[in-house]
Amino acid sequence: RLARAEGAQANPELDEDAEVEYGKARGGKDTVLDFPRGVVLSFKLGEGVDIATLRYEALKEALGSYGQVQHVNYRTGNDSGFVRFADEAGCKAALEGTKEGGFEVGGGKASTEAVEGEAEVQYHESAQAAIKAAREKKFQGGFGGGRGRWGKRGRDESGGDRSGKRTRW
């Protein structure tokens with residue numbers, strides 16, 4: 001178990017015994033990866049599963065009986081992915097429940113495997129990067145900075161153009 005870096009903000013969803021991993025960000029700065037251990041399963045879809053139509057909702061429903069599924073990382077058409085549970089108990093229950101024969105989904109069977117060690121750290125790093133990228137993309141303006149085709153260009157406070165003429169109606 002590593003100590004939390006000075007000044008690093010703690011994740012309120014984690015318990016006191018959660019491990020903290022240190023790494024280097026791309027800019028060379030130290031970062032703290034704060035996440036619970038033992039909550040991620042990988043799955044591999046077997047024969048009989050229609051991967052062309054399988055959606056993440058079906059995977060969430062199939063594994064939801066073992067514990068609260070927090071996130072399913074799966075794209076339609078792939079034959080594998082990841083499932084993140086809300087707690088370690090749900091993940092262990094799913095792993096034990098699917099150990100013999102896997103689980104039924106999409107008209108076929110799928111097998112599971114625990115994600116541990118470096119693979120788990122990489123999973124959480126990529127998940128954090130995807131969340132950050134989605135947040136940054138959310139604030140990017142489109143045509144006119146999100147204010148429509150012409151934006152605020154050529155408008156005075158009353159909403160008309162600067163010449164005082166009625167331009168449209």
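Modeller: Let's begin with a word we will need all along: a residue is buried if its relative accessible area is under 20%, exposed if over 50%, and partly exposed in between, using a 1.4 Å probe and protein chains only. V69 is buried, because its relative accessible area is 8%.

Biologist: Thanks! What should I know about this model before going on?

Modeller: This is a predicted model, in which local features need pLDDT of at least 70 and side-chain atom pairs count only at pLDDT 80 or more, while totals for chains, interfaces and linings use all residues. Residues are numbered from 1 along each chain as its sequence is written, and side-chain values use heavy atoms, leaving out hydrogens and water.

Biologist: What is the average pLDDT of the protein chain?

Modeller: pLDDT is the predictor's confidence in each residue, from 0 to 100. Here the protein chain averages 75, and 62% of the residues score at least 70. Take care with residues 1–30, where the pLDDT is below 50. Beyond near neighbours in sequence, that stretch has 44 contacts in the model, a contact being heavy atoms within 4.5 Å.

Biologist: How many helices and strands are there in the protein chain?

Modeller: Helices (H or I, at least four residues) and strands (E, at least two) are DSSP runs, numbered from the N terminus. The protein chain has 3 helices and 7 strands. Along the sequence they follow the pattern β-β-β-α-β-β-α-β-β-α.

Biologist: Which strands pair with β3?

Modeller: Two strands pair if DSSP finds at least two bridges between them. β3 (residues 40–45) pairs with β5 (residues 80–85) in the antiparallel sense over 5 bridges, and S42 stands opposite F82 there. β3 also pairs with β7 (residues 108–114), again antiparallel and over 5 bridges. In that pairing, F43 has T112 as its bridge partner.

Biologist: And where are the hairpins?

Modeller: One is formed by β4 and β5, with 6 residues between them, and G77 in its turn has a positive phi of about 105°. Another hairpin joins β6 and β7 with 2 residues between the strands, where G106 takes a positive phi near 55°. In this case 3 bridges link the antiparallel strands, and V105 stands opposite G108.

Biologist: Which residues does V69 contact, leaving aside its neighbours within four places in sequence?

Modeller: V69 lies in β4. Leaving those neighbours aside, V69 is in contact with K60, L63, G64, V83, R84 and F85. R84 is itself in β5, and counts as buried because its relative accessible area is 18%. Among the residues that R84 touches, besides V69, are V40, H71, Y123 and H124.

Biologist: Which residues touch the most other members of the largest nonpolar core?

Modeller: In soluble globular proteins, nonpolar side chains tend to be buried together. A nonpolar core is a set of buried Ala, Val, Leu, Ile, Met, Phe, Trp, Tyr and Cys residues joined through side-chain atoms within 4.5 Å. The largest one here has 17 residues, and L45, L59 and F85 touch the most other members. β3, α1 (56–63), β4, β5, α2 (88–97) and β6 (103–105) each give two or more residues to this core. β3 provides the largest share, 3 residues.

Biologist: Which residues of α2 are buried?

Modeller: They are G90, C91 and A94. Seen down the axis of α2, these buried residues fall within an arc of 100°, so they line one face of the helix. The arc is that of the directions from the helix axis to the C-beta atoms. The buried residues of α2 pack against β3, β5 and β7, whereas A89 and E96 are exposed on the other side.

Biologist: How far apart are the end C-alpha atoms of α3?

Modeller: The expected span of a helix is 1.5 Å times one less than its number of residues. For the 21 residues of α3 (residues 118–138) that should be 30 Å, and the end C-alpha atoms are 30 Å apart, which agrees. Its buried residues include E120, V121, Y123, H124 and A127. These cover an arc of only 160° around the axis, which puts them on the same side of α3. The face turned away from that buried side carries the exposed residues E118, K132 and K137.
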